[in-house]
Amino acid sequence: MIEIRWHARGGQGAVTASKILASAVIEEGKYAQSNPDYGAERSGAPLRAYNRVSEKPITLHCMVINPDIVIVVDPTLLKTVPFLEGTDENAILIINTDKSPQEVREKYGIKGRKIYTVDATKIAMEELKRPLMNVPMLGALVKVLGGLVDIKTVEEDIKRAFGKKISENALNANIRALHRAYEEVRSE
Amino acid sequence: MRPELIKEVKYVPYSGNMAAAEAMRQINPDVVAAYPITPQTELMQFFADFVANGLVDTEYIPVESEHSAMSACVGAAAAGSRAMTATAGPGLAYMWEVLGIASGMRLPIVMTVVNRALSAPINIHGDQSDMMGARDQGWIQIFSENAEEQYDNLIQAIKIAEDERTRLPVMVGMDGFVISHAIERVRLLPDRAVEEFIGELKPMYPLLDVDNPVTHGPVAMTDSYMEFKRQQREAMMNAYKVIREVGEAFEEAFGRKYEHIETYKTDDADYILIIIGSTAGTAKYVIDKVREEKGIKVGLIKIRTYRPFPYYDVMDAIEASNCKAVGVFDRAETFGAVGGPLYSDIATAMYLRNKHYPIVSFIYGLGGRDTNVHHIEEAIDKVMQAAAGKEVPFINYLNLNE
């Protein structure tokens, strides 16, 4: 079982991304949960969302407190929320930043842990023309999960989740953003 | 004819609210009357979508309060239709007066309760105080651990409520947010299979049968009120049998077993935890963990049917194990009494068998307070201390800041 914690701000779509991940994993015949941490759903306010993914049934119905993977959707949160909370040195961090993993490690004094970075803000601004970093971060996460869920299943789920709500152009931009982040995410 | 959407069994990523709405679509009730309240609101939104899109034949009545929602269901069910609703927390509290009318008139209404804390202070999160507060209003009470159970239980609840031996309303609870709003894998059954399983409602003494006029909800003073109540007890005793039969029929049709309780690794257990709802799932994980890491043999009894209370099932499971002490988890308070409501029921169960096991009471999860692996490990530790004859407080709060 892999436990994932998302750090984002209200309105950035992290809850939606977490739901899409769970849907894609379940559609592939595996098990997943997506659980938003409700209560602070104000636009711009820091929020957390959680995922569990597993090959076996998941019976846990509590918050994720020791995540294996932490995703930071909004780089301004690096200074304001304890994003390392509950992680051990084996944890994986996926951070939206224009910096390299080494630069992030030095700047925040992170010991151990595996750091991935992706410039999701740049991808979002170029493809979506808006700072919606959820889909690019999902693309990076799918890459890091290394085959646990197929990017094509995620793509189909994005089409299902957004299909009726946004224009075809916007949908295609999201799919491009997903694949770009999948390709552009870097590790140390 | 409404369209058939699901033709074969499929597994979907659904929240508890989506699962409950899907069950309602397949049940296709004649009347649904509801008032929105968090965390039930989106359940009714999903169902209202089904109504608007012509996927059900339901007369959907958006009313102005929960008191009215249940009143409309009472009228609809008395007229001879299949009526359903859903509510949560304070909504159930506001319905309280009419809950007793529904059960007293022996109307087979089925309702989802998304279990939520009661005010004050105001809190929208998971907590079972709402259903525990409605415990003595004559409804059959079933609790689900997860979204799939909510779906399965709602389907079974129709058959349980409408059985001629019971004719009692049923409320089916799931924990707010952690189940109602979380996405999980849920198995959906084919539309036609659900229809066939629940069958057609056979109205009993319907108001609309003008050739055979009857009175519903009359005055019953000192000469007859008590006899009505005595019959309700009889119906509730029958429900104990009917719930089991419906569970067996469900297993036969769809392969998933439902009993009054679910036992998890109790056979060789030295210590047993008794839990209602979603935290029972977390406890299963912890039980596997402590068995593997420390060799401590812990088991779980999950209460599915809360009213009628399965005293014998609980005691059979305890007595068949090596149980030395039990931990009883209550997600509701009973101020001024020992333990919570479940504690009293377990103590009664032991008394009925003339058995005495040390019981440690845990109050947990009030207002959505997280109960995670560490808290359940802490509880197991206290149960072990009680088994070893050490003094343990009567009431223990999990994850409380003090």
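**Entry 1: what α10(B) packs against**

I looked up the packing of α10(B) first. Its buried residues pack against β9 (261–264), β10 (271–275), β11 (298–303), β13 (325–330) and α11 (341–352) of chain B. Contact here means that the C-beta atoms of two residues, placed from the backbone, lie within 7 Å. Helices (H or I, at least four residues) and strands (E, at least two) are DSSP runs, numbered from the N terminus.

The model is a predicted one: local features need pLDDT of at least 70, side-chain atom pairs count only at pLDDT 80 or more, and totals for chains, interfaces and linings use all residues. Residues are numbered from 1 along each chain as its sequence is written, while chains are lettered from A and ligands numbered from 1 in the order in which they are written.

Which residues of α10(B) are buried? I found B:D313, B:V314, B:A317 and B:I318, in a helix that covers residues 311–319. Seen down the helix axis, they fall within an arc of 130 degrees, so they line one face of α10(B). The arc is that of the directions from the helix axis to the C-beta atoms. I noted the general rule beside it: an α-helix has 3.6 residues a turn, so residues three or four places apart point the same way.

**Entry 2: B:D313**

I then picked B:D313, which sits in α10 of chain B. Buried or exposed? B:D313 is buried, with 21 other C-beta atoms within 10 Å. The cut-offs: buried takes 20 or more other C-beta atoms within 10 Å of the residue's own, exposed takes 12 or fewer, and partly exposed is in between, with C-beta atoms placed from the backbone. Leaving aside neighbours within four places in sequence, B:D313 is in contact with B:E259, B:H260 and B:I261. I also checked B:A349: it is 36 residues from B:D313 in sequence and 9.3 Å away in space, C-alpha to C-alpha.

**Entry 3: B:A387**

B:A387 belongs to helix α12 (residues 373–387) of chain B. I counted 18 other C-beta atoms within 10 Å, so B:A387 is partly exposed. What does B:A387 touch? Not counting residues up to four places away in sequence, I list B:Y271, B:K324, B:A325 and B:P358.

**Entry 4: β8(B) and its partner**

I moved to strand β8 (residues 184–188) of chain B. Four of its five residues are buried, so β8(B) is largely enclosed by the rest of the structure. Strand β1 (residues 10–14) of chain B runs antiparallel to β8(B), and five bridges join them. Strands pair if DSSP finds at least two bridges between them. Within this pair, B:Y11 stands opposite B:R187.

**Entry 5: domains of chain B**

Chain B divides into domain 1 (10–254) and domain 2 (261–397). The bounds come from an automatic or database domain assignment. Their C-alpha centres lie 28 Å apart. The contact takes 27 residues from domain 1 and 20 residues from domain 2. On the domain 1 side, α5 (129–133), β6 (140–143) and α8 (225–254) of chain B give two or more residues. The largest share, five residues, comes from α8(B). By class, I get 14 nonpolar, nine polar and four charged residues on that side. Nonpolar covers Ala, Val, Leu, Ile, Met, Phe, Trp, Tyr, Cys and Pro; charged covers Asp, Glu, Lys and Arg; the others, Gly among them, are polar.

**Entry 6: chain A against chain B**

How many residues meet between the chains? I see 17 residues of chain A in contact with 19 residues of chain B. On the chain A side, α1 (14–27) and β2 (31–36) each supply at least two residues. β2(A) gives the most, with six residues. The classes on this side are ten nonpolar, six polar and one charged.

**Entry 7: whole chains**

Chain A has six helices and seven strands. Buried residues make up 47% of chain A.

Chain B has twelve helices and 15 strands. With 402 residues its radius of gyration is 21 Å, in agreement with a compact globule near 21 Å. In chain B, 54% of the residues count as buried. Its C-alpha trace spans about 70 × 55 × 45 Å along the principal axes.

Terms used:
Rg over C-alpha atoms; globule rule 2.2 N^0.38 Å.
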